[in-house]
Amino acid sequence: MTCRKIIHIDMDAFYASVEMRDNPALRDKPIAVGGSHDRRGVVATANYAARKYGVRSAMATAYALRLCPDLIILPVDMPKYRAIGEGIRKCFYRYTPLVETLSLDEAYLDVTTCNHCNGSATWIANAIRNDIFEEFQLTASAGVAPNKFLAKIASEWHKPNGLFIITPSEIAGFVAKLGVDKIPGVGKVTARKLHDMQINTCADLQNIPQYRLIENFGKSGARLHELSFGIDERSVEPNRIQKSTSVEETFEKDIIDLAIAHQEIDLLFIRLVKRLEKSHGKSIAKHFVKIKFHDFIQTTVECIASDLSCSVFKILFQQGYERKQLPIRLIGIGVHFASENSCAVEQLKLPLDD
Ligand code: DCP
Ligand code: MG
């Protein structure tokens with residue numbers, strides 16, 4: 001079996017870096033992006049200047065201000081971060097279609113069969129980091145390794161703006177010294193339990209028979225055993241490409257009056273606009289309307305239209321309605337996206353999470 005080449009990329013202090021880029025006066029000051037302290041907000045992230053004071057993600061803003069009284073708190077600007085996240089993903093797809101997005105700022109890439117940069121995963125990782133910097137003036141850190149587990153740890157190793165490579169021959173030496181709390185998915189509870197068992201490094205973990213780990217940690221015990229040897233067979237799973245999105249409503253009472261149907265379409269349209277905000281500005285190819293009649297027969301009408309338009313939905317509705325002209329049980333409206341290498345961002349939960 002050929003050895004795989006996996007890259008894990010993660011932006012540095014993502015939201016905070018975007019805000020510093022857009023307001024250079026903030027550059028040397030401790031900043032956090034998140035909710036304000038008077039509204040019981042929490043820190044989404046902090047820049048490295050603020051991290052020196054101990055300010056961390058998910059910390060109450062009020063507490064962060066106690067640690068660092070000069071901390072500047074900025075509001076979260078999701079549309080801006082989402083647009084940049086989408087741009088960054090486009091950089092990845094230039095090198096491989098095998099991209100598994102973990103969040104807005106983090107992804108795995110499988111470049112085993114990629115021909116760019118003479119097939120060198122290290123050069124590819126650096127080329128991507130350069131592309132991101134040139135296009136967005138933001139830094140990313142990358143890890144290169146034969147599997148996802150090690151690539152993820154490697155991307156943290158030289159953060160910020162770093163690159164770290166673990167070659168196949170370095171795996172044994174690397175994991176032997178690796179602290180168990182560095183294993184992604186080992187949270188505070190598992191780490192404490194392991195420490196209580198005098199297991200502090202992966203070398204310690206390797207010495208424990210697998211059945212004992214299974215006794216103590218269930219299924220995750222088997223996984224811990226594999227990871228302690230640097231083994232991780234999980235493949236990079238390219239994200240499902242979202243082809244369409246829609247909203248629909250089943251009415252308490254069937255609709256007979258078409259004016260009321262139009263009002264319902266107005267309400268559905270508001271919901272659809274909200275839902276589309278999560279689609280990272282993907283281009284729309286078609287509009288469609290689904291109608292379910294009183295007799296449960298369903299019909300769908302669609303047309304090519306790239307600008308989101310409520311009147312287009314109303315025209316399509318009219319065409320669909322005329323097919324049966326019966327009271328209406330359900331109306332759905334939606335769009336098909338133009339095909340592209342875009343993907344839905346899903347936050348993945350690790351199997352070992354506490
Ligand atoms: N985020 C959040 N709430 C959290 C953790 C993160 O809203 N509890 C957001 C803010 C981060 C972004 O997600 O900027 C990316 O998360 P990371 O864990 O990658 O953290 P950063 O990119 O901020 O910092 P690092 O340089 O450590 O990757
Ligand atoms: Mg990050």
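Which helices and strands each supply at least two residues of the shell around ligand 1? In this predicted model, they are strand 1 (6-11), helix 1 (14-22), strand 3 (43-46) and helix 2 (48-51).

**The shell around ligand 1**
- There are 14 residues around ligand 1, and D10, A13, T45, Y48 and R51 come nearest.
- Sorted by class, the shell comprises seven nonpolar residues, five charged residues and two polar residues.

**Polar atoms beside ligand 1**
- The side chain of T45 has an N or O atom 2.5 Å from an oxygen atom of ligand 1.
- For A13, a backbone N or O atom is the one concerned, and it lies 2.8 Å from an oxygen atom of ligand 1.
- R51 places a polar side-chain atom 2.8 Å from an oxygen atom of ligand 1.
- On its own, ligand 1 has 540 Å² of accessible area, and the protein covers 69% of this area.

**The residue S309**
- The relative accessible area of S309 is 18%; because buried means under 20%, S309 counts as buried.
- If neighbours within four places in sequence are left aside, S309 is in contact with F269 and H287.

How values were computed:
Residues are numbered from 1 along each chain as its sequence is written. Chains are lettered from A and ligands numbered from 1 in the order in which they are written. This is a predicted model: local features need pLDDT of at least 70, side-chain atom pairs count only at pLDDT 80 or more; totals for chains, interfaces and linings use all residues. Side-chain values use heavy atoms; hydrogens and water are left out. Buried means under 20% relative accessible area, exposed over 50%, partly exposed in between (1.4 Å probe, protein chains only). Contact means heavy atoms within 4.5 Å. A residue is near a molecule or strand if one of its heavy atoms lies within 4 Å of it. A polar contact is a pair of N or O atoms within 3.5 Å; within protein, one must be able to donate a hydrogen and the other to accept it, and residues adjacent in sequence count only if both atoms are side-chain atoms. Accessible areas come from the Shrake-Rupley method with a 1.4 Å probe; for residues, only the protein chains shown count as cover. Helices (H or I, at least four residues) and strands (E, at least two) are DSSP runs, numbered from the N terminus. Ala, Val, Leu, Ile, Met, Phe, Trp, Tyr, Cys and Pro count as nonpolar, Asp, Glu, Lys and Arg as charged, and the others, Gly among them, as polar.
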